[in-house]
Amino acid sequence: MTTAAPSGSRHYDQTWWYAALGRAVVSVGATLVVVVVMAFLLLPIVALFTYQPVHDLVNGFGTKVATDAILVSLKTNAIAFAIMIGLGTPFAYILARRRFPGRSVVITFVEVPLVMPPAVAGLGLLVAFGRFGLLGHTLTVLGVDLAFTQAAVILAILFVASPFYLRGAIAAFEAVDATLIDVAGTLGAGPVRRMLRVAIPLASGGLGAAAAVAFARGIGEFGATILFAGSFQGTTQTLPLAVYSLFDANLDQAIAIGVLLIIVSAAILLTSKLLLGSWTSSRSTSAYPGERSSFARP
Amino acid sequence: MFAAASLTKVFPQIEPAATYSFGGSGALQTQIEQGAPADVFAAASSKQPAALYAKGLVDKPVEFATNTLVLIVPKSNPAHITSVSGITKPGVKLVICNATVPCGDYARTAFKNLNITAAAMKNVVSQTTDVTQTVAEVALGQADAGFVYITDADAAKGKVLVVGLPAQAKPGATDYIAVVKSGKDQAAAQAFVQKVLSPQGQATLRAAGFGKP
């Protein structure tokens, strides 16, 4: 401790070294934490991508099971997405604009499916819309039999995924400056026009991000679908169901479809980040549309 | 203990102290191939244990019980199925297991034995990865009919009706058990197998509807 130090005082000298040591320990520790967490999160993805030669992996994408599942997934998710946007957008707008008794209860119920295990959601759909469920008899009388149909897949996706959109869309509409919408009203715009021409364009970033997250959730939907809609190649077997079904038959193919799902989900996540316009901001950690500052506009 | 879904009820009666993972025999096979920590593998068929034995992953499998494939329908029998030929009627919603799972393999054998493969497979609306899912779909009334083991049908009594299969249709369903070589406790694994094969274990299996090996 006799080497050059910023001060001649021995006490100061020691404090300086301790502080430097402390900073070093903290930065090594911080690096370690980041590395461990990232390794844990990335390792399964790396393992899936490297499980088989790229050639086999690409071949796995093209098998009949995979292409059938891609078509089923695309079709059911596209329909569910259209219904979600068509009904969910006005629903979210109303909830964001109106204040009425029980509003917070409604919003809480919107969020219930988010915390409900998907298997429980599937059970709920079964005992509600199944052939012997609450509405089963009514549906049978109307000539509707949902059991093992693509309609059942769409319902499962809607139930599990749309709350992600609704919650984000409500937050996005709430973040729009209400006076702008009111001004449009005084200028003669009706309620529908106010929503379509003012509120939606102003909230578009948040709406888009919420829709992307909901779409990703819908593509990955598994538990509710297998319980409520069953699993049959070409009809109800979506990509995640194909992974599950192939697990015991052909692990290579199951993994190939799994990789495909990761690529699709990553693309959707990236899209939602871009829509939020926060890709470059290190502060943004996710496409969580509830974060007002990231899409509120002046 | 990794055991076929059809053994879910009976195995804990034979050895309550063991830790079980029940599932489709095919899925359990894959898990053991991937190094899952199993001590014993009990399957609803000879195929999966034989495949693992061929790979040197388990000791020689032993037959410990037989089972009987039956057709079940919901108690309300919405499709009015009274015999196995009823499943070929147009529009019947039939659920079977995947071909890689013993219950699915046996169902397909039964179709072949009855010469109804084309008509029956046309009515299949869902394929499950283990027999308990097939039972659930029928018990809930979502499906009109399903092929399961007599032992599962007994377990779901009150919710399903059993339609027996003609003798010539019945595939020989056999349950095999084997000690997993990579298991941590070989002695306990051997003891478990012995317990299943013991007169007491066999009596418990008989009581649950399983047949003699």
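Q: Which residue of β9(B) is the bridge partner of Ile72(B)?
A: In this predicted model, Val162(B) is the bridge partner of Ile72(B) in β9(B).

Q: Why are β7 (124–128) and β9 (160–163) of chain B said to stand at the edges?
A: The 5 strands of this open sheet in chain B follow the order β7-β6-β8-β5-β9, with mixed pairing. Because β7(B) and β9(B) each have a single partner strand, one side of each is left without a neighbour in the sheet. Neighbouring strands are turned by 35° against each other on average, direction ignored.

Q: Which helix packs on the sheet of chain B, and which strands are touched?
A: Helix α6 (residues 131–139) of chain B does, touching β5, β6 (94–97), β7, β8 (145–149) and β9 of chain B, and its direction makes about 140° with that of β8(B).

Q: Why are α2(A) and α12(A) called roughly perpendicular?
A: The axes of α2 (residues 54–61) and α12 (residues 251–276) of chain A come within 8 Å and cross at roughly 80°; angles of 65 to 115 degrees count as roughly perpendicular, and the two helices are therefore described in that way. Among the residues making the contact are Leu57(A) and Phe61(A) of α2(A) and Ile257(A) and Leu260(A) of α12(A). By class, this contact has 6 nonpolar, 2 polar and 2 charged residues.

Definitions and conventions:
Residues are numbered from 1 along each chain as its sequence is written. Chains are lettered from A and ligands numbered from 1 in the order in which they are written. This is a predicted model: local features need pLDDT of at least 70, side-chain atom pairs count only at pLDDT 80 or more; totals for chains, interfaces and linings use all residues. Axes are lines fitted to C-alpha atoms, for helices over the stretch in contact, and angles run from 0 to 180 degrees between N-to-C directions. Helices (H or I, at least four residues) and strands (E, at least two) are DSSP runs, numbered from the N terminus. Angles under 35 degrees count as roughly parallel, over 145 as roughly antiparallel, 65 to 115 as roughly perpendicular and the rest as oblique. Two residues are in contact if their C-beta atoms, placed from the backbone, lie within 7 Å. Ala, Val, Leu, Ile, Met, Phe, Trp, Tyr, Cys and Pro count as nonpolar, Asp, Glu, Lys and Arg as charged, and the others, Gly among them, as polar. Two strands pair if DSSP finds at least two bridges between them.
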